[in-house]
Every structure is written in C-alpha cells, then in structure tokens.
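Please read the following report alongside the sequence and the coordinates.

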Amino acid sequence: MSTPTDSCISICNKLVRGELSAVETYGQTIRKHSDSPAIGELRRIHGEHQQAADRLTANVRSMGGEPETDSGAWGAFASTVQGAASLFGAGSALESLQRGEEAGRKDYEDALTDEDVMPECKTMIREELLPGTIAHIAALEKLGKYA
C-alpha cells in the first residue's frame, strides 16, 4: 500500500527527471552553440538546473526514497527535439529550451496543487525551484529577441 511519503517521493522523482533532462538539453545546446553570444547565460541556467536536480535528489533521500539518476524517456525525447532544433540555429534551440522550461513550470505548479506533496516540499518548490524556472523563461525570452 502506498503511503503519502511514497506519493511525494514519486512526484519529486518526476521533478528530478525533469531537471536531469534540462541539464542534458542545456549541455547539448552549449556544446553545439559554444560560439553564441548567449553562451554565458546558457551556462548559468545549466548550472542552476544541476543545483535544482541536486536539491530534489537530496529531498528524495531525506524522505527515505531512492532518487532517479537519469532523465528517462522524457530526457531522450527532449534531447531529440533539442537536437533537431539546433540544426536550425540558435533561435530554434532557444525556443526549444523555452518550451522545456514551460513544461517544467507546469510540473512544479502541478506539484504545488497535489495534496500528496508534503508541505516542506511545496515550500522548496514555491520559494526556490519555481521562481528559478520562471526566471529562466524570462531570460530565454530576452535572449530570443537577439537570436
């Protein structure tokens, strides 16, 4: 029988997979567009996604769960989409990253409304992770104007 903690672990692991997918996707974009004027900002966002993945991983462990270690099917799909977008240049790659950030925002917002997510997890999402994602969206929108 599933406990509330098990449900929270499952939801947080979904968020871990999303962050790991973002780390992979930004890494791929950085490698393909290393000469882009946006590279510094992309590296900053990449690092913040790694920090978010680490934070969520520690959170899953603190609940007694086993954290995800890869992005799974979502990461493979995101990587394929990003690879295709990269073929069309930095502008398309930025649009693809922004769509990924929007999906991440929705996942965080869904977690905030899920009754199985523990209050301390919701605090972390509300105060740390969701604001970071919203800032990433704004940064990508700004970069997109110059791509």
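Glu 102 and Arg 105 are joined through their side chains in a salt bridge, with 2.7 Å from N to O; the term denotes a side-chain nitrogen of Lys or Arg within 4 Å of a carboxyl oxygen of Asp or Glu. The model is a predicted one, in which local features need pLDDT of at least 70 and side-chain atom pairs count only at pLDDT 80 or more, while totals for chains, interfaces and linings use all residues. Residues are numbered from 1 along each chain as its sequence is written, and side-chain values use heavy atoms, with hydrogens and water left out.

Glu 102 and Arg 105 are 3 residues apart in helix α4 (residues 90-113), which means that about one helical turn separates them. Helices here are DSSP runs of H or I with at least four residues, strands are runs of E with at least two, and both are numbered from the N terminus. Helix α4 also holds Lys 106 and Asp 110, which lie 4 residues apart, about one turn of the helix, and which form a salt bridge whose closest N and O atoms are 2.8 Å apart. Elsewhere, salt bridges with shared partners link Glu 41, Arg 44 and Glu 48 into one network.

In total, the structure holds 8 salt bridges. One of them pairs Glu 68 with Arg 17, the closest N and O atoms being 3.2 Å apart. Because Glu 68 lies in the loop between α2 and α3 (72-87) whereas Arg 17 belongs to helix α1 (residues 4-32), this pair ties together parts that are 51 residues apart in sequence.

The table gives relative accessible areas for residues of these pairs, where buried means under 20%, exposed over 50% and partly exposed in between, computed with a 1.4 Å probe on protein chains only.

| Residue | Relative accessible area | Class |
|---|---|---|
| Glu 68 | 29% | partly exposed |
| Arg 17 | 27% | partly exposed |
| Glu 102 | 27% | partly exposed |
| Arg 105 | 27% | partly exposed |
| Lys 106 | 47% | partly exposed |
| Asp 110 | 35% | partly exposed |

Helix α2 (residues 39-62) has 24 residues, and at 1.5 Å a residue these should span 34 Å, which agrees with the 35 Å between its end C-alpha atoms; the expected span is taken as 1.5 Å times one less than the number of residues. Buried residues in α2 include Ile 39, Leu 42, Ile 45, His 49, Ala 52 and Ala 53, and also Leu 56, Thr 57, Asn 59 and Val 60. Just after α2, Gly 64 adopts a positive phi of about 90°.
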